[in-house]
Amino acid sequence: ARRQATRMNEIVLTLGIESWKPMAAVLLLPPLPFLLLVLVGARLMFRRRLLAWLLILLGCSGLWLMCTVAVGKALVNGVLKPPPALGVEQIAELKKSPKTAIVVLGGGRKMLAPEYGISTLNWRSIERLRYGLWLSRETGLPVAYSGGVSLGAEPGPTEAEIAGRIAEREFGRPLRWQEAESRDTRENAQRSVALLQGQGVERIVVVTHANHIPRAMRNFERAVATTPMRLVAAPMGGEGTGRIKAVDWLPSRHGFDMTSVGLHEWAGLLAGA
(Lines give C-alpha, C1' and ligand atoms only; values in the text may rest on other atoms or scores of the structure.)
Protein backbone atom coordinates (compact mmCIF):
# COMPACT_ATOMS: atom_id res chain seq x y z
CA ALA A 1 0.00 0.00 0.00
CA ARG A 2 2.84 2.38 0.82
CA ARG A 3 4.47 1.72 -2.58
CA GLN A 4 1.18 2.38 -4.36
CA ALA A 5 0.73 5.62 -2.42
CA THR A 6 4.27 6.72 -3.29
CA ARG A 7 3.64 5.89 -6.94
CA MET A 8 0.42 7.94 -6.92
CA ASN A 9 2.23 10.95 -5.51
CA GLU A 10 4.99 10.58 -8.12
CA ILE A 11 2.36 10.56 -10.89
CA VAL A 12 0.86 13.80 -9.55
CA LEU A 13 4.32 15.40 -9.51
CA THR A 14 5.17 14.12 -12.99
CA LEU A 15 1.97 15.58 -14.43
CA GLY A 16 2.68 18.90 -12.72
CA ILE A 17 -0.75 19.03 -11.09
CA GLU A 18 0.38 19.27 -7.46
CA SER A 19 -1.34 22.68 -7.30
CA TRP A 20 -4.65 20.79 -7.64
CA LYS A 21 -4.20 19.09 -4.27
CA PRO A 22 -6.03 21.75 -2.19
CA MET A 23 -9.05 21.58 -4.53
CA ALA A 24 -9.01 17.77 -4.54
CA ALA A 25 -9.08 17.77 -0.74
CA VAL A 26 -12.15 20.02 -0.73
CA LEU A 27 -14.00 17.85 -3.24
CA LEU A 28 -13.13 14.42 -1.86
CA LEU A 29 -13.08 14.91 1.91
CA PRO A 30 -16.07 15.56 4.20
CA PRO A 31 -18.31 17.45 4.63
CA LEU A 32 -18.91 17.86 0.86
CA PRO A 33 -19.54 14.15 0.08
CA PHE A 34 -22.12 13.95 2.90
CA LEU A 35 -23.83 17.14 1.71
CA LEU A 36 -24.03 15.68 -1.79
CA LEU A 37 -25.68 12.54 -0.40
CA VAL A 38 -28.35 14.70 1.25
CA LEU A 39 -28.92 16.70 -1.95
CA VAL A 40 -29.14 13.59 -4.14
CA GLY A 41 -31.56 12.04 -1.63
CA ALA A 42 -33.75 15.14 -1.73
CA ARG A 43 -33.74 15.05 -5.53
CA LEU A 44 -34.93 11.42 -5.52
CA MET A 45 -37.61 11.93 -2.87
CA PHE A 46 -40.56 11.86 -5.30
CA ARG A 47 -39.20 9.06 -7.51
CA ARG A 48 -37.44 6.55 -5.26
CA ARG A 49 -38.53 7.37 -1.74
CA LEU A 50 -36.73 4.50 0.06
CA LEU A 51 -33.39 5.21 -1.62
CA ALA A 52 -33.88 8.93 -1.03
CA TRP A 53 -34.38 8.48 2.71
CA LEU A 54 -31.40 6.11 2.88
CA LEU A 55 -29.12 8.67 1.22
CA ILE A 56 -30.39 11.48 3.45
CA LEU A 57 -29.91 9.31 6.55
CA LEU A 58 -26.37 8.37 5.50
CA GLY A 59 -25.51 11.98 4.72
CA CYS A 60 -26.87 13.36 7.99
CA SER A 61 -25.28 10.55 10.02
CA GLY A 62 -21.95 11.18 8.37
CA LEU A 63 -22.15 14.91 9.09
CA TRP A 64 -23.06 14.23 12.73
CA LEU A 65 -20.26 11.70 13.27
CA MET A 66 -17.56 13.79 11.61
CA CYS A 67 -18.36 16.60 14.05
CA THR A 68 -17.75 14.46 17.15
CA VAL A 69 -14.64 14.24 19.31
CA ALA A 70 -15.21 10.47 19.58
CA VAL A 71 -14.67 9.92 15.85
CA GLY A 72 -11.80 12.42 15.78
CA LYS A 73 -9.98 10.57 18.57
CA ALA A 74 -10.62 7.20 16.97
CA LEU A 75 -9.26 8.45 13.66
CA VAL A 76 -6.11 10.02 15.11
CA ASN A 77 -5.26 7.36 17.72
CA GLY A 78 -6.56 4.31 15.86
CA VAL A 79 -5.65 5.11 12.24
CA LEU A 80 -2.84 7.66 12.25
CA LYS A 81 -1.26 6.31 15.47
CA PRO A 82 1.18 9.15 16.20
CA PRO A 83 4.09 8.46 18.58
CA PRO A 84 3.91 9.89 22.11
CA ALA A 85 5.26 13.33 22.94
CA LEU A 86 8.88 13.61 24.04
CA GLY A 87 9.32 12.79 27.72
CA VAL A 88 11.67 14.26 30.29
CA GLU A 89 14.33 11.60 29.67
CA GLN A 90 14.25 12.10 25.90
CA ILE A 91 14.57 15.87 26.27
CA ALA A 92 17.48 15.40 28.68
CA GLU A 93 19.17 13.13 26.14
CA LEU A 94 18.78 15.79 23.44
CA LYS A 95 20.72 18.23 25.64
CA LYS A 96 23.76 15.99 25.24
CA SER A 97 23.38 15.68 21.46
CA PRO A 98 25.77 17.77 19.36
CA LYS A 99 25.15 18.38 15.66
CA THR A 100 21.39 18.25 16.24
CA ALA A 101 18.82 20.75 14.96
CA ILE A 102 15.13 21.30 15.66
CA VAL A 103 13.01 21.71 12.51
CA VAL A 104 9.57 23.28 12.91
CA LEU A 105 7.23 22.54 10.01
CA GLY A 106 4.98 25.31 8.74
CA GLY A 107 1.22 24.93 8.94
CA GLY A 108 -0.09 28.07 7.23
CA ARG A 109 -0.14 31.87 7.49
CA LYS A 110 -2.49 34.84 7.46
CA MET A 111 -1.71 37.55 4.96
CA LEU A 112 -2.96 40.24 7.32
CA ALA A 113 -3.72 40.28 11.02
CA PRO A 114 -5.72 43.53 11.44
CA GLU A 115 -4.78 43.86 15.11
CA TYR A 116 -1.08 43.91 14.21
CA GLY A 117 -1.34 45.47 10.77
CA ILE A 118 1.05 42.87 9.30
CA SER A 119 1.11 39.23 8.26
CA THR A 120 1.22 36.47 10.86
CA LEU A 121 1.16 32.69 11.21
CA ASN A 122 -2.09 30.79 11.65
CA TRP A 123 -2.78 29.01 14.92
CA ARG A 124 -1.27 25.70 13.83
CA SER A 125 2.00 27.32 12.83
CA ILE A 126 2.12 29.44 15.99
CA GLU A 127 1.62 26.35 18.19
CA ARG A 128 4.39 24.49 16.37
CA LEU A 129 6.75 27.46 16.56
CA ARG A 130 6.06 27.94 20.25
CA TYR A 131 6.83 24.32 21.05
CA GLY A 132 9.94 24.31 18.88
CA LEU A 133 11.29 27.40 20.65
CA TRP A 134 10.42 25.93 24.06
CA LEU A 135 12.25 22.75 23.11
CA SER A 136 15.22 24.86 22.01
CA ARG A 137 15.28 26.66 25.35
CA GLU A 138 15.17 23.33 27.22
CA THR A 139 17.91 21.69 25.16
CA GLY A 140 20.02 24.54 23.82
CA LEU A 141 19.58 23.26 20.26
CA PRO A 142 19.26 25.62 17.26
CA VAL A 143 15.94 25.94 15.41
CA ALA A 144 15.03 25.93 11.74
CA TYR A 145 11.58 26.82 10.41
CA SER A 146 10.49 25.24 7.14
CA GLY A 147 7.68 26.87 5.18
CA GLY A 148 7.30 28.93 2.05
CA VAL A 149 4.04 29.77 0.29
CA SER A 150 1.68 26.78 0.20
CA LEU A 151 0.15 25.42 -2.99
CA GLY A 152 -2.70 27.58 -4.25
CA ALA A 153 -1.99 30.41 -1.79
CA GLU A 154 -1.59 34.03 -2.86
CA PRO A 155 1.97 35.36 -3.09
CA GLY A 156 3.42 37.34 -0.23
CA PRO A 157 5.79 36.92 2.70
CA THR A 158 6.75 33.30 3.33
CA GLU A 159 5.91 31.40 6.50
CA ALA A 160 9.61 31.17 7.35
CA GLU A 161 10.03 34.95 7.09
CA ILE A 162 7.02 35.55 9.31
CA ALA A 163 8.18 32.90 11.79
CA GLY A 164 11.62 34.49 11.95
CA ARG A 165 10.11 37.86 12.84
CA ILE A 166 7.80 36.39 15.50
CA ALA A 167 10.53 34.20 17.02
CA GLU A 168 12.89 37.15 17.44
CA ARG A 169 10.47 39.93 18.40
CA GLU A 170 7.91 38.06 20.47
CA PHE A 171 9.85 35.12 21.91
CA GLY A 172 13.32 36.62 21.99
CA ARG A 173 14.85 33.54 20.34
CA PRO A 174 16.04 34.12 16.76
CA LEU A 175 15.88 31.22 14.33
CA ARG A 176 19.20 29.79 13.16
CA TRP A 177 17.80 28.82 9.74
CA GLN A 178 14.81 29.81 7.59
CA GLU A 179 13.81 27.45 4.78
CA ALA A 180 11.39 29.54 2.72
CA GLU A 181 10.98 27.60 -0.55
CA SER A 182 8.89 24.56 0.41
CA ARG A 183 5.22 24.40 -0.54
CA ASP A 184 4.11 21.18 1.17
CA THR A 185 5.29 18.48 3.58
CA ARG A 186 7.31 16.62 0.96
CA GLU A 187 9.28 19.74 0.12
CA ASN A 188 9.60 20.62 3.83
CA ALA A 189 11.53 17.39 4.26
CA GLN A 190 13.61 17.56 1.10
CA ARG A 191 14.68 21.17 1.44
CA SER A 192 15.28 21.03 5.21
CA VAL A 193 17.49 17.96 4.90
CA ALA A 194 19.47 19.54 2.06
CA LEU A 195 19.92 22.76 4.04
CA LEU A 196 20.99 21.14 7.31
CA GLN A 197 23.21 18.50 5.76
CA GLY A 198 25.31 21.34 4.37
CA GLN A 199 25.56 22.76 7.90
CA GLY A 200 26.97 19.58 9.40
CA VAL A 201 23.77 18.56 11.19
CA GLU A 202 23.60 14.82 11.85
CA ARG A 203 20.25 14.56 13.65
CA ILE A 204 16.94 16.36 13.06
CA VAL A 205 14.18 16.79 15.64
CA VAL A 206 10.96 17.13 13.64
CA VAL A 207 8.33 19.36 15.32
CA THR A 208 4.74 19.33 14.11
CA HIS A 209 1.25 18.40 15.33
CA ALA A 210 0.66 14.81 16.42
CA ASN A 211 -1.86 14.17 13.65
CA HIS A 212 0.68 15.42 11.07
CA ILE A 213 3.75 13.64 12.45
CA PRO A 214 3.18 10.24 10.69
CA ARG A 215 3.11 11.85 7.25
CA ALA A 216 5.91 14.27 8.10
CA MET A 217 8.19 11.52 9.38
CA ARG A 218 7.57 9.37 6.31
CA ASN A 219 8.69 12.24 4.09
CA PHE A 220 11.74 12.95 6.24
CA GLU A 221 12.66 9.26 6.21
CA ARG A 222 12.65 9.39 2.42
CA ALA A 223 14.72 12.57 2.43
CA VAL A 224 17.46 11.16 4.71
CA ALA A 225 17.48 7.70 3.12
CA THR A 226 20.77 8.33 1.29
CA THR A 227 22.38 10.26 4.16
CA PRO A 228 23.75 9.29 7.60
CA MET A 229 21.31 11.71 9.26
CA ARG A 230 18.99 10.47 12.01
CA LEU A 231 15.50 11.60 12.97
CA VAL A 232 13.61 12.24 16.20
CA ALA A 233 9.84 12.75 16.14
CA ALA A 234 8.63 15.56 18.40
CA PRO A 235 4.82 15.59 18.11
CA MET A 236 2.78 18.21 19.94
CA GLY A 237 -0.88 19.09 20.39
CA GLY A 238 -2.01 15.48 20.77
CA GLU A 239 -5.35 14.57 22.31
CA GLY A 240 -4.18 11.69 24.51
CA THR A 241 -5.78 8.26 24.73
CA GLY A 242 -8.27 8.78 27.57
CA ARG A 243 -11.67 7.08 27.62
CA ILE A 244 -14.32 8.41 25.27
CA LYS A 245 -17.15 10.05 27.24
CA ALA A 246 -20.82 10.27 26.27
CA VAL A 247 -20.46 14.00 25.53
CA ASP A 248 -17.77 13.16 22.96
CA TRP A 249 -20.52 11.79 20.69
CA LEU A 250 -22.20 15.19 20.48
CA PRO A 251 -21.29 17.46 17.53
CA SER A 252 -18.85 20.26 18.30
CA ARG A 253 -16.46 22.58 16.51
CA HIS A 254 -13.53 20.84 18.18
CA GLY A 255 -14.76 17.47 16.96
CA PHE A 256 -15.17 18.78 13.41
CA ASP A 257 -11.63 20.20 13.43
CA MET A 258 -10.15 16.95 14.77
CA THR A 259 -11.95 14.76 12.25
CA SER A 260 -11.42 16.96 9.20
CA VAL A 261 -7.69 17.35 9.87
CA GLY A 262 -7.40 13.64 10.67
CA LEU A 263 -9.09 12.71 7.39
CA HIS A 264 -6.83 15.12 5.52
CA GLU A 265 -3.73 13.48 7.02
CA TRP A 266 -5.04 9.97 6.39
CA ALA A 267 -5.78 10.84 2.75
CA GLY A 268 -2.27 12.27 2.46
CA LEU A 269 -0.78 9.03 3.77
CA LEU A 270 -2.84 6.95 1.35
CA ALA A 271 -1.83 9.20 -1.56
CA GLY A 272 1.86 9.14 -0.59
CA ALA A 273 1.94 12.92 -0.17
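**Close-up 1. One aromatic pair turns up in a search of the whole structure.** In this predicted model, the partners are Y131 and W134, and their rings are stacked, with 5.8 Å from centre to centre and 20 degrees between the planes. Both residues belong to helix α7, which covers residues 123–139. Y131 and W134 are three residues apart there, about one turn of the helix. How accessible are the two partners? Y131 has a relative accessible area of 15% and is therefore buried, because the cut-off for buried is under 20%. W134, at 34% relative accessibility, counts as partly exposed.

**Close-up 2. E159 is a buried residue that has no salt bridge.** You will find E159 in helix α8, which runs over residues 159–169. Which side chain of opposite charge is nearest to E159? That is R109, 6.2 Å away, while a salt bridge would need a nitrogen-to-oxygen distance within 4 Å. E159 does have a polar partner, though: its side chain and that of S125 are joined by a polar contact of 3.2 Å.

**Close-up 3. Here are the residues that E159 touches.**

**Close-up 4. R176 places its charged end over the ring of W177.** The distance to look for here is 5.4 Å, taken from the charged end of R176 to the centre of the W177 ring.

Notes: Residues numbered from 1 in each chain as written. Predicted model: local features only at pLDDT ≥ 70, side-chain atom pairs only at ≥ 80, totals over all residues. Heavy atoms only, no water. Helix = DSSP H or I, 4+ residues; strand = E, 2+ residues; numbered from the N terminus. Buried < 20%, exposed > 50% of the residue type's maximum accessible area, 1.4 Å probe, protein only. Lys, Arg positive; Asp, Glu negative; His and termini not counted. Polar contact = N/O pair within 3.5 Å; in protein donor to acceptor, adjacent residues only side chain to side chain. Contact = heavy atoms within 4.5 Å. Phe/Tyr/Trp six-rings, centres within 6.5 Å; stacked < 30°, edge-to-face > 60°. Lys NZ or Arg CZ within 6 Å of the ring centre and 35° of its normal. Lists of a residue's contacts leave out its neighbours within four places in sequence.
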